[in-house]
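Please examine the model shown below together with its sequence. The paragraphs that follow lead through it element by element.

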Amino acid sequence: MKNKMNANKALWEKGDFTRLAETMRESGTALVAKLGITKGQEVLDLGCGDGTTAIPAARLGANVQGVDIARNLVEAGNARVKAEGLTNITFREGDAINLEGIEDQSFDVVVSIFGAMFAPQPFDVAKEMFRVTRPGGKIVMGNWIPGDPTLVAQILKVSSAYTPAPPEGFVSPMLWGVENNVTERFVAAGASQENISFERETFTFRTPVPPAAFLETFRKYYGPTMNAFEAAEKNGKEADLHQELANLFESQNQSPDKNATSIPATFLKVTVRR
Ligand SMILES: C[S@@+](CC[C@H](N)C(=O)[O-])C[C@H]1O[C@@H](n2cnc3c(N)ncnc32)[C@H](O)[C@@H]1O
């Protein structure tokens with residue numbers, strides 16, 4: 001069927017992730033600075049959003065292709081590229097489970113920061129990322145970790161507790177934060193186990209508004225949280241959900257300024273050398 005609804009796409013087009021991305025720019029730039037990207041390299045950013053990591057990679061002189069399933073985020077990314085006058089980066093729509101149109105072994109670096117982890121069919125995602133990476137190149141993923149006590153893992157956990165159960169066969173995106181699962185997926189894609197490594201790193205969300213206002217940004221613009229509030233409203237549990245998240249945001253805030261938010265969140269950084 002031509003226009004079959006794609007729930008994965010609908011989730012990310014639902015809100016406006018750019019509103020969250022604005023609070024993640026510093027960490028995105030810092031992460032890219034450590035990837036060893038050099039001028040003229042070919043870089044793919046998968047699930048690139050509006051370019052939190054893709055644009056810093058282009059500023060380093062790489063030729064960057066950003067691919068994202070959400071049309072609104074691709075448009076927002078291309079608008080940022082135009083505003084900055086960059087000519088070595090483009091964004092386009094695409095799905096991490098099937099990178100059709102992208103040739104085998106065409107990228108030196110394939111990056112996916114909290115992006116491809118949200119695609120269904122994780123074995124296909126690993127296969128595609130590995131396929132388009134050239135021998136000698138690498139894949140770098142940033143994935144939230146299930147059960148981790150920091151912000152995003154907890155938002156996703158709380159949100160899912162208020163959202164209707166996913167369809168049968170749904171694989172939790174959070175399994176991308178479990179080393180054994182990640183290894184299994186990349187080995188199935190053709191990687192050698194000794195070329196897969198893991199580190200725990202931190203992304204810090206920074207915004208000049210208090211945590212309560214930052215929570216409102218999630219509520220209004222972040223698909224998974226929007227869905228949780230919609231479901232909670234139907235069951236009369238909206239106040240409970242709000243209280244749980246408000247406590248979380250308040251307790252995680254490390255900004256000394258009460259009117260600002262600075263929240264560090266731990267993630268699993270996966271590196272696969274091809
Ligand atoms: C949490 S955002 C992260 C965006 C960006 N990497 C960043 O760090 O700001 C998740 C992104 O993954 C994208 N995404 C989700 N599923 C995808 C899929 N199957 N293929 C490509 N992109 C996908 C979403 O549209 C969204 O832009």
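**A buried tryptophan and its surroundings**

Trp144 lies in strand β5, residues 133-144; helices (H or I, at least four residues) and strands (E, at least two) are DSSP runs, numbered from the N terminus. The model is a predicted one, in which local features need pLDDT of at least 70 and side-chain atom pairs count only at pLDDT 80 or more, while totals for chains, interfaces and linings use all residues. Residues are numbered from 1 along each chain as its sequence is written, and side-chain values use heavy atoms, with hydrogens and water left out.

Trp144 counts as buried because its relative accessibility is 3%. Here buried means under 20% relative accessible area, exposed means over 50%, and partly exposed lies in between, with a 1.4 Å probe and protein chains only. Setting aside neighbours within four places in sequence, the residues in contact with Trp144 include Phe114, Met117, Phe118, Val152, Leu156, Met174 and Phe203; contact means heavy atoms within 4.5 Å.

Met174 is counted as buried because its relative accessibility is 12%. Besides Trp144, Met174 touches Met117, Ile145, Pro146, Ala153 and Leu156, not counting residues up to four places away in sequence. Met174 and Tyr162 are also twelve residues apart in sequence, but their C-alpha atoms are 17 Å apart in space.

The axes of α7 (residues 151-162) and α10 (residues 223-234) come within 8 Å and cross at roughly 35°. Axes are lines fitted to C-alpha atoms, for helices over the stretch in contact, and angles run from 0 to 180 degrees between N-to-C directions. The crossing of α7 past α10 is left-handed, a term that applies if the near helix is turned anticlockwise from the far one by less than a right angle. From α7, Ile155, Leu156, Ser159 and Tyr162 make the contact, and from α10, Pro224, Thr225, Ala228, Ala231 and Ala232. By class, this contact of α7 with α10 has seven nonpolar, two polar and no charged residues. In this classification Ala, Val, Leu, Ile, Met, Phe, Trp, Tyr, Cys and Pro count as nonpolar, Asp, Glu, Lys and Arg as charged, and the others, Gly among them, as polar.

Phe114, a further partner of Trp144, is found in the loop between β4 and α6 (122-131). Its phi is near 55°, a positive value in a residue other than glycine. Phe114 counts as buried because its relative accessibility is 11%. Gln121 has its place in the loop between β4 and α6, and its phi is near 55°, again a positive value in a residue other than glycine. Gln121, however, counts as partly exposed because its relative accessibility is 42%.

Strand β4 itself holds Ser112, which is buried because its relative accessible area is 1%. Not counting residues up to four places away in sequence, Ser112 touches Leu46, Met129, Val140, Met141 and Gly142.

Which elements cover the buried residues of α3? Among them are α2 (18-21), α4 (54-59), α5 (71-84), β4 (107-113), β6 (196-207) and β7 (261-273). In α3 (residues 25-33), the residues Arg25, Ser27, Gly28, Leu31 and Val32 are buried. They lie on the same side of α3 because they cover an arc of only 165° around the axis, the arc being that of the directions from the helix axis to the C-beta atoms. Glu26 and Ala33, on the other side of α3, are exposed.

Helix α5 contains Asn72, which counts as partly exposed because its relative accessibility is 24%. Leaving aside neighbours within four places in sequence, Asn72 is in contact with Trp12, Glu13 and Gly15. Asn72 and Trp12 are 60 residues apart along the chain, and their C-alpha atoms are separated by 8.8 Å.

Finally, the UniProt record, in an unreviewed entry, lists residues 44-141 for "domain: Methyltransferase type"; such annotations may be inferred rather than shown by experiment. In the model, the end C-alpha atoms of residues 44-141 lie 12 Å apart, and the span is 31% helix and 31% strand.
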